[in-house]
Amino acid sequence: MDSTVVSTGTEGKTWGGGNQPLKSSYGKMMMWFFIVSDALTFSGFLAAYGFSRFKFIDYWPIADEVFTHVPFLHGQELPMIYVAFMTFILIMSSVTMVLAVDAGHEMKKNKVIWYMFFTIIGGAIFVGSQAWEWATFIQGDYGAVQTKGGNILQFGTYKTIDGEEVFKRISVEDFVTASHKEREQHENKNGLWFVEEDPLPAFSVSDIYHGLESHPDVLVRTQTINEEGEKTVLSRAASLEQVKNNGRRYVKGANLEVNEYGTPLFADFFFFITGFHGFHVLSGVVINIIIFFNVIIGTYERRKNYEMVEKVGLYWHFVDLVWVFVFTFFYLV
Amino acid sequence: MAAHAHKLEIFRGLIKFKSNTQKIWGVLLLLSIITAVEVVLGIYKPTSLMTPLMTPFEGGFGALLGNIVFSGFIYTKSLNLIFIVLTIIKAYYITWDFMHMRDETKSLRRLVVWTVVFLICYLVFILLQEGGYIEFVYTNGFVKRDF
């Protein structure tokens, strides 16, 4: 029976098998390969965002004018502050995660527990902040008119701040009074196929036109970015003309269909990319919690290594890494 | 895993940390400083950085090549270029020190990093090029969109 096992003469050599050229365990390597594929997914999204932005390069919303809110500080325009806070939270939770991995290498169970705990808290704060950011964006703040061509007309006045003439957006609600509107309700008892209807918008375009007429200081701002990198403000006559001829409906806030800050594509990509990232953070938190309890009940203590913490750590850092890019391309550039 | 040795120097050996924990805090400090710089630049947007550094070369094939080689300085605002460079620096330190890429073998490092970098550069080039082309058609191709 000596023919079943053939001696190839390569035992102990590189091609003899049994060696690990990458000096990395199976699990860690598979996590790296997953991260590679996930990184390509995210870069696909971000590159698609870049594509659409290049397509509308002179019409794209300016992120600093969109994300200006900070919780508890109502009515103040503070661009970047909240998102910088979110970024810092995520980096901080990355640090506690890597400290947990480090403590795991030294087999210090209690330290791993505490650092994992702080990581989970950081992740939860981040997801909560993102939910708040979404809610604020969906709700919107000033309202605008969408034109027949799908463009956005915003309203504002020139104000003197520190001796400088600055254009400030004003809320449509501040200068327009809604007229009385009624419409025939379609009901299924009337013999029609019952069709669902959207609620009537708060203002009709003619309401807004009348409001604009009676407030001589209010001007329209278009989506077009001028030479100075600011949105173009129309003259008084052009403002009235634009709303009268091209106005189609009143919009407030942002959703997948309309966006009071500019092109709906901006909102679509914002929801899709930050949503997909937020989902990663959420699943990261869930996986972290599972590992956290495993650490507490001593699974890895008995296994005599904390590599599982390291693997989930890799995923968590990756989520942080993606956020660094989302932060740059959505809020900075 | 006590035998698991960490490389403790960053900046090519310019700063050497005593322990892995110390290195983690050092990297956090670095990342925080970079983020702070980004936020400050993003809020104040210095006017001097709001235009590209160079103007496009004019002329024949040489100018075309020059425009491609220096495209980052010719077609991108300096401020955005700074943001992108700072982002890549941050990504480097997160991957190298938090994800311990510094301690992996050279082959694993290249396997992961080169693949991703190559594919992303390719994808970004194609999509941005096409986006710019569509913008060109919209602007110069008698397509009305201001209504």
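Which side chain meets that of Lys311(A) in a salt bridge? The partner is Glu307(A), at 3.6 Å from N to O; a salt bridge here is a side-chain nitrogen of Lys or Arg within 4 Å of a carboxyl oxygen of Asp or Glu.

## Basis of the report

This is a predicted model, in which local features need pLDDT of at least 70 and side-chain atom pairs count only at pLDDT 80 or more, whereas totals for chains, interfaces and linings use all residues. Residues are numbered from 1 along each chain as its sequence is written, chains are lettered from A and ligands numbered from 1 in the order in which they are written, and side-chain values use heavy atoms, with hydrogens and water left out.

## Salt bridges within chain A

Over all chains, the count comes to 12 salt bridges. Lys311(A) and Glu307(A) lie four residues apart in helix H10 (residues 307-332) of chain A, so about one helical turn separates them. Helices (H or I, at least four residues) and strands (E, at least two) are DSSP runs, numbered from the N terminus. Lys311(A) is buried at 17% relative accessibility, and Glu307(A) is buried at 19%. Buried means under 20% relative accessible area, exposed over 50%, and partly exposed in between (1.4 Å probe, protein chains only).

A further salt bridge joins Glu260(A) to Arg169(A), with the closest N and O atoms 2.9 Å apart. Glu260(A) is in the loop between strand E6 (247-251) and helix H8 (264-296) of chain A, while Arg169(A) is in strand E3 (residues 164-169) of chain A, so the pair ties together parts that are 91 residues apart in sequence. Glu260(A) is buried, at 0% relative accessibility, and Arg169(A) is buried as well, with a relative accessible area of 12%. Lys108(A) and Glu106(A) also meet through their side chains in a salt bridge (2.9 Å, N to O). Here Lys108(A) is partly exposed at 38% relative accessibility, and Glu106(A) is partly exposed with a relative accessible area of 41%.

## An aromatic pair in chain A

The structure holds 42 aromatic pairs over all chains. Rings of Phe, Tyr and Trp (its six-membered ring) pair if their centres lie within 6.5 Å; planes under 30 degrees apart count as stacked, over 60 as edge-to-face and the rest as tilted. One of these pairs is Tyr82(A) with Trp132(A), which is edge-to-face, at 5.1 Å centre to centre and 70° between the planes. The pair links distant parts of the chain, with Tyr82(A) in helix H3 (residues 81-105) of chain A and Trp132(A) in helix H4 (residues 109-139) of chain A, 50 residues apart. Tyr82(A) is buried, with a relative accessible area of 10%, whereas Trp132(A) is partly exposed at 28% relative accessibility.

## Contact of chains A and B

The contact takes 60 residues from chain A and 52 residues from chain B, contact meaning heavy atoms within 4.5 Å. Together the two chains bury about 4900 Å², 75% of it on carbon and sulfur atoms; buried area is the accessible area (1.4 Å probe) that two parts lose on being put together, summed over both.

Two salt bridges are counted between chain B and chain A. Lys45(B) and Asp64(A) meet through their side chains in a salt bridge at 3.2 Å, N to O. On the side of chain B that touches chain A, the elements giving two or more residues are helix H1 (20-44), helix H4 (78-98) and helix H5 (106-140) of chain B. H5(B) provides the largest share of that side, 17 residues. Lys28(A), Glu310(A) and Glu104(B) are linked in a network of salt bridges.
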